[in-house]
Amino acid sequence: MEGPAPVTQEAPATQEGPVTQEAQTRAEPAASAGQAGGGTALPDLTYTEQETELRSAVRSVLEDQASFSAVLARTESAQTYDTALWRTLAADIGCAGLLVPESLGGAGASFREAAVMAEEVGRSVAAVPYLGSAVLATAALLSVLKAGEAGSVSAGELLTELASVTTTVALAVPFASMPGIRVEPEIRIGPAEEHDADGMYRLSGSVSEVADALPADVLVVPADGVPHGLFALRAHEPGVTRTPVVSLDMTRQLCDLRLENVLARRIAAGPQAELAVAAALRAGAAMLAAEQVGLAERALEITLDYVKHRYQFARPVGSFQAIKHMLADWWVAVTQARAASRYAAACLADADQDAPVAVALAKAACSDTAMLAGQEMIQLHGGIGFTWEHPAHLYLKRAKSSSIGLGTADRHRAALGRLANLPPPSPPPSPHPRRP
């Protein structure tokens, strides 16, 4: 009996499909369906012309300056973050101020465009602080600015500095923090007699495993005390210690932060500070999901190219039926993850009330897909996939770290169940039932 027929067509690539509409429009069929059903119109999940142009510009820079060899060399150096690449992305393309309003010098874009940028960062596993500075910290500052409290002036100044590429900001919360769950501050505010007359406070304490804080110029820190709030401080102030952590994923190296009587300015207090942190974590989880989509897509492209040119028994490895099935399942998973990610980004962009549900769904689905991509990439590359010189391990490590960051898939599925008012799972039956 003859073996499987040789491959005559390429396996489906991860194409997004043609751009059919301009920016800020929605699909007419979806709108009609929503109106017919009495509900709100579903967002258009395709990429607009502006988003496609942004993707092309970012990908061109990353392909030129963030090749695999360059990323790998960076992980083996003392300076794991590529600050020069980040300056290029921030200055030439405006990625640092993508979400910052135009009135403050930013691009005034939405989370849809921010998600496109995140996908490209995930594709290249580039060591840049996009998630920490342009998403997490920026979302927190935007929340403070929108509230219009006294600290909004300081928040606006920081956003202006961020958009002008003179400042990189990081939100000082553990990377594993879960959206929807209050972050308990580990930083304490000093006694009232230590406060300065001009509204400056003294902070002390520590935060473990903070993402993108090593290259930051400014730290936005939740702190507990009277009153508890959100504070901004310069990272090079006396008393600030940042200790690098040997992380599984050295393309996003974590650090432990310690403050000892450090001067900081309060930018939000009380419930508004908690709302700002909550908004940041929700936006960060959605953009991290988009990053995972880009990672899984690129891993599939690299693997697909390999199995088409790697011969075994005088045939391409990709011609075997089992490999075809694995690649097809992988492609379906990436397509489904992209839909969930795009929906979450669209809900955030429109301030939709469905955003918490969409973000939980996206982070759970995309975390699983990214892990599948990292594992399948190594398996289908065979022996070479286990070597340090091949990029497969970088994708697996980034997939694993991002699956833990900002809530694991299981925690997001549990949150999704609560948000959808699903009943809790029944306890498993006892392995030793009691006899009557």
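Predicted model: local features only at pLDDT ≥ 70, side-chain atom pairs only at ≥ 80, totals over all residues.
**View 1. Helix 5 where it crosses helix 8.** In this view the axes of helix 5 and helix 8, the latter spanning residues 271-309, come within 7 Å and cross at roughly 45°. Because of that angle, helix 5 counts as oblique to helix 8, and the crossing of the two helices is right-handed. On the helix 5 side, the residues that take part in the contact include Phe111, Ala114, Ala118 and Val121, while those that they and their neighbours meet in helix 8 include Ala283, Met287, Leu295 and Arg298. Sorted by class, the residues of the contact of helix 5 with helix 8 are nine nonpolar, two polar and six charged.

**View 2. Helix 5 where it crosses helix 9.** Here helix 5, made of residues 111-124, and helix 9, made of residues 321-349, have axes that come within 8 Å and cross at roughly 145°. Seven residues of the contact of helix 5 with helix 9 are nonpolar and three are charged, with no polar residue among them.

View 3. Ala57 belongs to helix 2, which covers residues 49-65. Ala57 counts as partly exposed because its relative accessibility is 33%, a value that falls between the limits of 20% for buried and 50% for exposed residues. Although 36 residues separate Ala57 from Ile93 in sequence, their C-alpha atoms are 7.4 Å apart in space.

Notes. Residues numbered from 1 in each chain as written. Heavy atoms only, no water. Axes fitted to C-alpha atoms, helices over the stretch in contact; angles between N-to-C directions. Helix = DSSP H or I, 4+ residues; strand = E, 2+ residues; numbered from the N terminus. Nonpolar A, V, L, I, M, F, W, Y, C, P; charged D, E, K, R; others polar. Buried < 20%, exposed > 50% of the residue type's maximum accessible area, 1.4 Å probe, protein only. Parallel < 35°, antiparallel > 145°, perpendicular 65-115°, else oblique. Left-handed = near helix turned anticlockwise from the far one by under 90°. Contact = heavy atoms within 4.5 Å.
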